[in-house]
Amino acid sequence: MSIFLRYKQMRWYSTKQKMKVIDSVNELISNNEFKHRQHPGIIKLKRIEQPSWLIKTIKNILHDVTISSKMINESSKKLAMHLNNRHPPPEKEDINLKLQEVQSRIYPHIHETQNLNKHDILNDPKALKLFKSLIYNWSPISYNKYISLAYLISRSIPEYSVLYKIFNEIVNCDKKFIPKTLFDYGSGTGTVMWAASQFWYKSIKEYYCVDVSRDMNELSEYLIKNATPKINTNYVFYRQFFPASPIPTYDIVVSAYSLLELPNQISRLETILKLWNKTEQYLIIVEQGTNVGFKIINEARDFILNYKKNACNVHVFSPCPHDAQCPRYATDNTPCNFEVSYLTLPIGEKSQYKHERYSYIVLKKAKRSENDCKWPRIVRRVLKRSKHVICRMCTASGELEEQIFTTWKNGKNTYRCARCSEWGDRLPFEKEKC
(Lines give C-alpha, C1' and ligand atoms only; values in the text may rest on other atoms or scores of the structure.)
Protein backbone atom coordinates (compact mmCIF):
# COMPACT_ATOMS: atom_id res chain seq x y z
CA MET A 1 0.00 0.00 0.00
CA SER A 2 2.84 2.42 0.91
CA ILE A 3 4.53 1.73 -2.45
CA PHE A 4 1.29 2.59 -4.26
CA LEU A 5 0.87 5.83 -2.30
CA ARG A 6 4.47 6.82 -2.95
CA TYR A 7 4.02 6.12 -6.67
CA LYS A 8 0.77 8.12 -6.70
CA GLN A 9 2.50 11.04 -4.99
CA MET A 10 5.33 10.96 -7.54
CA ARG A 11 2.82 10.95 -10.39
CA TRP A 12 1.01 13.95 -8.87
CA TYR A 13 4.17 16.02 -8.82
CA SER A 14 5.13 14.85 -12.31
CA THR A 15 2.19 16.80 -13.72
CA LYS A 16 4.03 20.04 -12.96
CA GLN A 17 6.24 21.68 -15.53
CA LYS A 18 9.61 20.06 -14.98
CA MET A 19 12.77 21.95 -14.16
CA LYS A 20 16.24 21.35 -15.52
CA VAL A 21 19.67 22.79 -14.83
CA ILE A 22 20.45 25.75 -17.11
CA ASP A 23 22.54 24.92 -20.17
CA SER A 24 25.65 26.91 -19.17
CA VAL A 25 25.91 25.16 -15.79
CA ASN A 26 25.07 21.79 -17.32
CA GLU A 27 27.90 22.21 -19.81
CA LEU A 28 30.44 23.18 -17.15
CA ILE A 29 29.51 20.18 -15.02
CA SER A 30 29.61 17.81 -18.02
CA ASN A 31 33.10 19.13 -18.86
CA ASN A 32 34.23 18.51 -15.25
CA GLU A 33 35.01 22.21 -14.73
CA PHE A 34 33.30 22.04 -11.34
CA LYS A 35 31.35 19.48 -9.32
CA HIS A 36 27.63 19.45 -8.56
CA ARG A 37 28.22 20.57 -4.96
CA GLN A 38 29.99 23.66 -6.32
CA HIS A 39 27.17 24.91 -8.54
CA PRO A 40 26.83 28.74 -8.59
CA GLY A 41 23.60 28.87 -6.56
CA ILE A 42 25.16 27.40 -3.43
CA ILE A 43 25.91 29.68 -0.50
CA LYS A 44 29.07 27.94 0.62
CA LEU A 45 29.04 28.95 4.29
CA LYS A 46 28.35 26.09 6.66
CA ARG A 47 29.51 27.60 9.95
CA ILE A 48 30.86 31.05 10.57
CA GLU A 49 33.84 31.39 12.89
CA GLN A 50 33.60 33.50 16.01
CA PRO A 51 35.55 36.76 15.90
CA SER A 52 38.80 35.63 17.54
CA TRP A 53 39.25 38.89 19.45
CA LEU A 54 35.78 38.96 21.03
CA ILE A 55 36.07 36.40 23.85
CA LYS A 56 39.17 37.97 25.38
CA THR A 57 37.64 41.45 25.12
CA ILE A 58 34.41 40.38 26.86
CA LYS A 59 36.33 38.69 29.68
CA ASN A 60 38.33 41.88 30.20
CA ILE A 61 35.10 43.90 30.38
CA LEU A 62 33.52 41.52 32.93
CA HIS A 63 36.69 41.63 35.01
CA ASP A 64 36.73 45.42 35.01
CA VAL A 65 33.08 45.75 36.06
CA THR A 66 33.30 42.79 38.51
CA ILE A 67 30.40 40.80 37.04
CA SER A 68 30.60 37.00 37.22
CA SER A 69 30.44 35.03 33.97
CA LYS A 70 27.71 32.71 35.29
CA MET A 71 25.46 35.55 36.43
CA ILE A 72 25.69 37.48 33.15
CA ASN A 73 25.21 34.25 31.20
CA GLU A 74 21.93 33.52 32.99
CA SER A 75 20.73 37.06 32.39
CA SER A 76 21.68 36.82 28.70
CA LYS A 77 19.60 33.65 28.29
CA LYS A 78 16.53 35.31 29.81
CA LEU A 79 16.98 38.34 27.58
CA ALA A 80 17.37 36.15 24.48
CA MET A 81 14.17 34.25 25.36
CA HIS A 82 12.27 37.51 25.87
CA LEU A 83 13.45 38.86 22.50
CA ASN A 84 12.52 35.65 20.70
CA ASN A 85 8.99 35.63 22.14
CA ARG A 86 8.35 39.31 21.58
CA HIS A 87 5.33 40.70 19.72
CA PRO A 88 4.82 44.09 18.08
CA PRO A 89 3.19 46.76 20.24
CA PRO A 90 -0.62 46.66 19.99
CA GLU A 91 -2.19 49.19 17.64
CA LYS A 92 -5.14 51.46 18.58
CA GLU A 93 -7.54 49.15 16.74
CA ASP A 94 -6.34 46.16 18.79
CA ILE A 95 -6.73 48.09 22.05
CA ASN A 96 -10.26 49.25 21.16
CA LEU A 97 -11.33 45.70 20.27
CA LYS A 98 -10.03 44.38 23.57
CA LEU A 99 -11.78 47.18 25.47
CA GLN A 100 -15.03 46.24 23.77
CA GLU A 101 -14.49 42.62 24.76
CA VAL A 102 -13.84 43.66 28.37
CA GLN A 103 -17.01 45.76 28.35
CA SER A 104 -19.14 42.91 26.98
CA ARG A 105 -17.78 40.46 29.58
CA ILE A 106 -17.69 42.69 32.67
CA TYR A 107 -20.72 44.86 31.90
CA PRO A 108 -23.06 42.59 29.85
CA HIS A 109 -26.09 44.71 30.83
CA ILE A 110 -24.77 47.72 28.86
CA HIS A 111 -25.82 47.82 25.22
CA GLU A 112 -23.04 47.38 22.63
CA THR A 113 -23.69 50.82 21.14
CA GLN A 114 -23.15 52.46 24.54
CA ASN A 115 -19.36 52.29 24.79
CA LEU A 116 -18.01 53.17 28.19
CA ASN A 117 -15.14 55.60 28.54
CA LYS A 118 -11.72 53.90 28.41
CA HIS A 119 -10.70 55.40 31.74
CA ASP A 120 -13.93 54.23 33.38
CA ILE A 121 -13.21 50.65 32.35
CA LEU A 122 -9.55 50.69 33.36
CA ASN A 123 -10.34 52.26 36.75
CA ASP A 124 -12.30 49.11 37.60
CA PRO A 125 -9.73 46.63 39.07
CA LYS A 126 -11.64 43.61 37.74
CA ALA A 127 -11.89 45.10 34.22
CA LEU A 128 -8.24 46.18 34.30
CA LYS A 129 -7.10 42.68 35.25
CA LEU A 130 -9.09 41.17 32.35
CA PHE A 131 -7.79 43.79 29.93
CA LYS A 132 -4.17 43.06 30.87
CA SER A 133 -4.76 39.35 30.28
CA LEU A 134 -6.13 40.04 26.78
CA ILE A 135 -3.63 42.60 25.45
CA TYR A 136 0.11 42.12 24.86
CA ASN A 137 2.06 44.20 27.37
CA TRP A 138 4.70 45.69 25.07
CA SER A 139 7.35 48.06 26.37
CA PRO A 140 10.68 49.23 24.93
CA ILE A 141 13.83 47.71 26.40
CA SER A 142 16.08 50.12 28.24
CA TYR A 143 19.62 49.04 27.38
CA ASN A 144 21.69 50.09 30.36
CA LYS A 145 25.26 48.86 30.90
CA TYR A 146 24.24 45.49 32.36
CA ILE A 147 21.54 44.68 29.79
CA SER A 148 23.87 45.79 26.99
CA LEU A 149 26.45 43.27 28.23
CA ALA A 150 23.80 40.56 28.46
CA TYR A 151 22.76 41.36 24.88
CA LEU A 152 26.38 41.18 23.75
CA ILE A 153 26.82 37.69 25.19
CA SER A 154 23.53 36.21 23.96
CA ARG A 155 22.95 37.94 20.64
CA SER A 156 26.23 39.22 19.17
CA ILE A 157 27.40 35.92 17.63
CA PRO A 158 24.08 34.82 16.05
CA GLU A 159 23.54 38.34 14.67
CA TYR A 160 27.12 38.55 13.40
CA SER A 161 26.71 35.14 11.71
CA VAL A 162 23.48 36.18 9.97
CA LEU A 163 24.95 39.47 8.74
CA TYR A 164 28.14 37.76 7.58
CA LYS A 165 26.05 35.36 5.51
CA ILE A 166 23.97 38.17 3.95
CA PHE A 167 27.05 40.26 3.11
CA ASN A 168 28.73 37.18 1.67
CA GLU A 169 25.82 36.70 -0.74
CA ILE A 170 26.06 40.33 -1.89
CA VAL A 171 29.81 39.89 -2.48
CA ASN A 172 29.30 36.71 -4.49
CA CYS A 173 26.36 37.95 -6.56
CA ASP A 174 27.44 41.57 -7.14
CA LYS A 175 31.21 41.43 -7.61
CA LYS A 176 31.37 45.03 -8.90
CA PHE A 177 29.90 46.43 -5.68
CA ILE A 178 32.58 48.14 -3.54
CA PRO A 179 30.92 50.20 -0.79
CA LYS A 180 32.53 53.28 0.70
CA THR A 181 29.91 54.17 3.31
CA LEU A 182 27.63 52.23 5.70
CA PHE A 183 24.68 53.40 7.82
CA ASP A 184 23.65 51.16 10.74
CA TYR A 185 20.28 51.85 12.39
CA GLY A 186 19.95 50.27 15.84
CA SER A 187 23.67 49.56 15.76
CA GLY A 188 23.78 47.94 19.20
CA THR A 189 27.10 46.25 19.94
CA GLY A 190 28.42 46.86 16.42
CA THR A 191 27.89 43.46 14.81
CA VAL A 192 27.11 45.07 11.43
CA MET A 193 30.54 46.73 11.44
CA TRP A 194 32.27 43.50 12.48
CA ALA A 195 30.66 41.57 9.62
CA ALA A 196 31.06 44.30 6.98
CA SER A 197 34.75 44.74 7.82
CA GLN A 198 35.36 41.08 6.94
CA PHE A 199 34.58 41.96 3.31
CA TRP A 200 35.09 45.68 2.79
CA TYR A 201 37.36 47.06 5.54
CA LYS A 202 39.72 48.52 2.91
CA SER A 203 36.97 50.34 1.01
CA ILE A 204 34.51 51.57 3.71
CA LYS A 205 35.56 55.02 4.91
CA GLU A 206 32.51 55.86 7.03
CA TYR A 207 30.42 53.84 9.48
CA TYR A 208 27.48 55.89 10.75
CA CYS A 209 25.92 54.16 13.79
CA VAL A 210 22.60 55.17 15.33
CA ASP A 211 21.41 53.71 18.64
CA VAL A 212 19.25 55.43 21.25
CA SER A 213 21.19 53.77 24.11
CA ARG A 214 24.30 55.72 25.16
CA ASP A 215 25.56 52.67 27.08
CA MET A 216 25.24 50.49 23.98
CA ASN A 217 27.15 53.05 21.92
CA GLU A 218 29.94 53.20 24.50
CA LEU A 219 30.17 49.40 24.56
CA SER A 220 30.29 49.24 20.77
CA GLU A 221 33.00 51.92 20.70
CA TYR A 222 35.12 49.95 23.18
CA LEU A 223 34.66 46.69 21.24
CA ILE A 224 35.52 48.18 17.85
CA LYS A 225 38.91 49.34 19.19
CA ASN A 226 39.78 45.67 19.76
CA ALA A 227 38.22 44.27 16.58
CA THR A 228 40.12 42.62 13.74
CA PRO A 229 40.58 43.51 11.00
CA LYS A 230 41.37 46.90 12.48
CA ILE A 231 38.79 49.59 11.76
CA ASN A 232 40.02 53.15 11.83
CA THR A 233 37.99 54.73 14.64
CA ASN A 234 38.13 58.03 12.76
CA TYR A 235 35.77 56.38 10.27
CA VAL A 236 33.17 55.48 12.94
CA PHE A 237 30.50 57.96 14.09
CA TYR A 238 27.93 57.35 16.84
CA ARG A 239 24.61 59.15 17.24
CA GLN A 240 21.63 58.52 19.52
CA PHE A 241 19.01 59.83 17.09
CA PHE A 242 18.22 59.49 13.41
CA PRO A 243 19.67 62.41 11.39
CA ALA A 244 17.01 64.89 10.24
CA SER A 245 18.35 65.28 6.70
CA PRO A 246 18.21 62.52 4.05
CA ILE A 247 21.57 63.81 2.83
CA PRO A 248 24.11 62.24 2.63
CA THR A 249 23.14 58.80 1.38
CA TYR A 250 25.05 55.59 2.14
CA ASP A 251 26.05 52.67 -0.09
CA ILE A 252 24.72 50.17 2.46
CA VAL A 253 21.95 50.88 4.97
CA VAL A 254 21.20 48.21 7.58
CA SER A 255 18.48 47.75 10.18
CA ALA A 256 19.22 44.55 12.08
CA TYR A 257 16.85 43.40 14.84
CA SER A 258 15.71 46.98 15.57
CA LEU A 259 12.21 47.64 14.22
CA LEU A 260 10.40 45.91 17.09
CA GLU A 261 11.76 48.60 19.41
CA LEU A 262 9.46 51.14 17.74
CA PRO A 263 6.10 51.89 19.42
CA ASN A 264 3.70 51.32 16.50
CA GLN A 265 3.31 50.57 12.80
CA ILE A 266 3.31 54.24 11.78
CA SER A 267 6.71 54.82 13.41
CA ARG A 268 8.06 51.64 11.80
CA LEU A 269 6.97 52.73 8.32
CA GLU A 270 8.30 56.25 8.87
CA THR A 271 11.65 54.77 9.89
CA ILE A 272 11.71 52.38 6.92
CA LEU A 273 11.10 55.33 4.59
CA LYS A 274 13.90 57.31 6.24
CA LEU A 275 16.22 54.33 5.83
CA TRP A 276 15.26 54.01 2.17
CA ASN A 277 15.91 57.73 1.59
CA LYS A 278 19.34 57.23 3.16
CA THR A 279 20.09 54.32 0.80
CA GLU A 280 22.34 54.77 -2.20
CA GLN A 281 22.43 51.11 -3.29
CA TYR A 282 21.46 48.41 -0.75
CA LEU A 283 18.93 48.42 2.09
CA ILE A 284 19.15 45.38 4.37
CA ILE A 285 16.50 44.64 7.01
CA VAL A 286 16.84 41.63 9.32
CA GLU A 287 14.64 40.29 12.11
CA GLN A 288 14.33 37.01 13.99
CA GLY A 289 12.85 34.17 11.95
CA THR A 290 9.62 33.99 13.93
CA ASN A 291 6.13 34.79 12.65
CA VAL A 292 6.49 38.23 14.22
CA GLY A 293 9.90 38.86 12.64
CA PHE A 294 8.67 37.72 9.24
CA LYS A 295 5.61 39.97 9.52
CA ILE A 296 7.86 42.98 10.16
CA ILE A 297 10.11 42.08 7.20
CA ASN A 298 7.16 41.59 4.87
CA GLU A 299 5.66 44.88 6.05
CA ALA A 300 8.88 46.68 5.09
CA ARG A 301 9.14 44.79 1.79
CA ASP A 302 5.61 45.67 0.70
CA PHE A 303 5.96 49.29 1.79
CA ILE A 304 9.13 49.94 -0.24
CA LEU A 305 8.02 48.02 -3.33
CA ASN A 306 4.68 49.82 -3.38
CA TYR A 307 6.00 53.27 -2.51
CA LYS A 308 4.86 55.52 -5.36
CA LYS A 309 8.05 57.55 -5.70
CA ASN A 310 10.08 54.40 -6.32
CA ALA A 311 8.39 53.66 -9.67
CA CYS A 312 10.53 50.88 -11.12
CA ASN A 313 13.72 52.00 -9.41
CA VAL A 314 13.84 49.18 -6.87
CA HIS A 315 13.91 45.39 -6.81
CA VAL A 316 14.38 42.58 -4.32
CA PHE A 317 18.00 41.47 -4.49
CA SER A 318 17.59 38.70 -1.94
CA PRO A 319 16.08 36.32 -0.91
CA CYS A 320 13.11 36.56 -3.31
CA PRO A 321 13.65 35.90 -7.04
CA HIS A 322 10.67 38.21 -7.76
CA ASP A 323 9.08 41.52 -6.74
CA ALA A 324 5.52 40.22 -6.47
CA GLN A 325 3.57 39.85 -3.24
CA CYS A 326 5.09 37.27 -0.90
CA PRO A 327 3.34 33.93 -1.58
CA ARG A 328 4.02 32.58 1.91
CA TYR A 329 0.98 34.32 3.44
CA ALA A 330 -1.27 32.85 0.76
CA THR A 331 -0.26 29.28 1.55
CA ASP A 332 0.10 28.93 5.32
CA ASN A 333 0.84 30.79 8.54
CA THR A 334 4.52 29.85 8.81
CA PRO A 335 7.32 32.40 8.33
CA CYS A 336 9.70 32.59 5.39
CA ASN A 337 12.98 32.19 7.22
CA PHE A 338 16.47 30.80 6.87
CA GLU A 339 19.04 29.26 9.17
CA VAL A 340 22.69 29.69 10.08
CA SER A 341 24.86 27.68 12.49
CA TYR A 342 27.08 29.35 15.05
CA LEU A 343 29.23 28.54 18.08
CA THR A 344 28.13 30.21 21.31
CA LEU A 345 30.54 32.24 23.42
CA PRO A 346 32.27 30.35 26.28
CA ILE A 347 31.08 32.82 28.91
CA GLY A 348 29.72 31.06 32.00
CA GLU A 349 29.48 27.72 30.16
CA LYS A 350 31.14 25.72 27.40
CA SER A 351 30.64 26.72 23.77
CA GLN A 352 28.07 24.74 21.82
CA TYR A 353 26.72 24.79 18.29
CA LYS A 354 23.30 26.32 17.83
CA HIS A 355 21.09 27.45 14.95
CA GLU A 356 19.74 30.94 14.39
CA ARG A 357 16.64 31.37 12.26
CA TYR A 358 16.17 34.73 10.66
CA SER A 359 13.97 36.56 8.16
CA TYR A 360 15.44 39.26 5.97
CA ILE A 361 15.11 41.38 2.86
CA VAL A 362 17.79 43.00 0.72
CA LEU A 363 16.41 45.74 -1.54
CA LYS A 364 18.53 47.29 -4.27
CA LYS A 365 17.91 50.83 -5.46
CA ALA A 366 18.04 50.02 -9.18
CA LYS A 367 15.90 48.39 -11.84
CA ARG A 368 16.16 44.63 -12.04
CA SER A 369 18.63 43.75 -14.77
CA GLU A 370 17.31 42.02 -17.87
CA ASN A 371 20.10 39.46 -17.34
CA ASP A 372 18.97 38.70 -13.79
CA CYS A 373 18.96 34.92 -13.48
CA LYS A 374 15.86 34.76 -11.20
CA TRP A 375 16.82 31.28 -10.03
CA PRO A 376 14.37 29.69 -7.57
CA ARG A 377 15.30 29.94 -3.89
CA ILE A 378 15.00 26.91 -1.60
CA VAL A 379 12.82 28.11 1.29
CA ARG A 380 12.53 24.95 3.38
CA ARG A 381 14.87 22.15 4.39
CA VAL A 382 15.66 19.86 1.43
CA LEU A 383 14.20 16.37 1.91
CA LYS A 384 16.76 13.83 0.67
CA ARG A 385 15.29 10.39 0.11
CA SER A 386 16.33 7.21 -1.63
CA LYS A 387 16.85 8.03 -5.33
CA HIS A 388 14.85 11.25 -5.13
CA VAL A 389 15.02 14.64 -3.46
CA ILE A 390 12.20 17.07 -2.60
CA CYS A 391 12.81 20.83 -2.89
CA ARG A 392 10.37 23.50 -1.71
CA MET A 393 11.14 26.69 -3.64
CA CYS A 394 10.08 30.28 -4.18
CA THR A 395 10.10 30.86 -7.93
CA ALA A 396 10.46 33.86 -10.25
CA SER A 397 6.73 33.68 -10.98
CA GLY A 398 6.04 34.69 -7.36
CA GLU A 399 4.75 31.26 -6.34
CA LEU A 400 5.82 28.58 -3.91
CA GLU A 401 6.48 25.31 -5.63
CA GLU A 402 7.49 21.83 -4.51
CA GLN A 403 9.21 19.50 -6.94
CA ILE A 404 10.58 15.98 -6.72
CA PHE A 405 13.84 15.54 -8.60
CA THR A 406 15.01 12.15 -9.81
CA THR A 407 17.66 11.00 -12.25
CA TRP A 408 15.19 9.29 -14.57
CA LYS A 409 12.81 12.26 -14.70
CA ASN A 410 15.18 15.27 -14.60
CA GLY A 411 18.56 13.91 -15.65
CA LYS A 412 21.69 13.24 -13.61
CA ASN A 413 23.05 16.78 -13.41
CA THR A 414 19.75 18.38 -12.40
CA TYR A 415 19.11 15.71 -9.78
CA ARG A 416 22.59 15.91 -8.27
CA CYS A 417 22.58 19.73 -8.17
CA ALA A 418 19.28 19.60 -6.28
CA ARG A 419 20.61 16.93 -3.91
CA CYS A 420 23.76 18.95 -3.12
CA SER A 421 21.74 22.09 -2.32
CA GLU A 422 20.53 23.21 1.09
CA TRP A 423 17.91 25.47 2.62
CA GLY A 424 18.62 29.04 1.48
CA ASP A 425 20.55 28.09 -1.67
CA ARG A 426 19.41 29.06 -5.14
CA LEU A 427 18.95 26.46 -7.86
CA PRO A 428 20.41 27.30 -11.31
CA PHE A 429 17.31 25.78 -12.88
CA GLU A 430 14.78 26.79 -15.50
CA LYS A 431 11.44 25.37 -16.60
CA GLU A 432 11.63 22.91 -19.48
CA LYS A 433 10.01 24.21 -22.62
CA CYS A 434 6.91 22.31 -23.65
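This short talk walks through one predicted protein model, from its overall build to selected residues.

Good morning, colleagues. Because the model is predicted, local features are reported at a pLDDT of at least 70 and side-chain atom pairs at pLDDT 80 or more, while totals for chains, interfaces and linings use all residues. Residues are numbered from 1 along each chain as its sequence is written, and side-chain values use heavy atoms, with hydrogens and water left out.

Let me begin with the overall build. The protein contains 15 helices and 14 strands; helices (H or I, at least four residues) and strands (E, at least two) are DSSP runs numbered from the N terminus. Its radius of gyration is 24 Å, close to the 22 Å given by the globule rule for 434 residues, so the protein is as compact as a globular protein of that length. That radius is taken over C-alpha atoms, and the rule is 2.2 Å times the number of residues to the power 0.38. Along the principal axes, the C-alpha trace spans about 75 × 65 × 50 Å.

Three domains divide the protein: domain 1 (19–41 + 375–431), domain 2 (52–80 + 141–364) and domain 3 (92–134). These bounds come from an automatic or database domain assignment. Between the C-alpha centres of domain 2 and domain 3 there are 39 Å.

Of the 434 residues, 50% count as buried; buried means under 20% relative accessible area, exposed over 50%, and partly exposed in between, with a 1.4 Å probe and protein chains only. A contact is a pair of residues with heavy atoms within 4.5 Å. Among contacts between residues at least 6 apart in sequence, 77% join residues at least 24 apart.

I turn now to the aromatic residues. How many aromatic pairs does the structure hold? The count is 20, where rings of Phe, Tyr and Trp (its six-membered ring) pair if their centres lie within 6.5 Å, and planes under 30 degrees apart count as stacked, over 60 as edge-to-face and the rest as tilted. Consider Phe167 and Trp200: the ring centres are 5.4 Å apart and the planes stand at 70°, so this pair is edge-to-face. The pair links distant parts of the chain, with Phe167 in helix α8 (residues 145–173) and Trp200 in helix α9 (residues 191–200), 33 residues apart. Phe167 is buried, because its relative accessibility is 0%, and Trp200 is buried at 6%.

A second example is Phe338 with Tyr360, whose ring centres are 5.7 Å apart with planes at 70°, so the pair is again edge-to-face. Here too distant parts of the chain are linked: Phe338 lies in strand β8 (residues 338–343) and Tyr360 in strand β9 (residues 353–364), 22 residues apart. Both Phe338 and Tyr360 are buried.

One aromatic cluster also deserves mention; among its members are Trp53, Tyr160, Phe167, Trp194, Trp200 and Phe317.

Two rings carry a charge over their face, meaning NZ of Lys or CZ of Arg within 6 Å of the ring centre and within 35 degrees of the ring normal. The charged end of Arg155 sits over the ring of Tyr257, 5.1 Å from the centre, and Lys274 lies over the face of Phe242, 5.6 Å from the ring centre.

Tyr257 has a further feature: its phi is positive, about 60°, although Tyr257 is not a glycine. This residue stands in the loop between β5 (250–256) and α11 (265–278), and at 12% relative accessibility it counts as buried. Thr66, also not a glycine, has a positive phi of about 50°. Thr66 belongs to the loop between α3 (54–64) and α4 (69–84) and is exposed, because its relative accessibility is 69%.

Next, Ser156. Leaving aside neighbours within four places in sequence, Ser156 contacts residues including Leu54, Thr189, Trp194 and Leu345.

Finally, the backbone. Which peptide bonds are cis? One joins Thr228 to Pro229, with omega near -5°, and another joins Ser318 and Pro319, with omega about 0°. Pro229 is in the loop between α10 (214–224) and β4 (236–239), whereas Pro319 is in the loop between β7 (315–318) and α13 (328–331).

Thank you for your attention.
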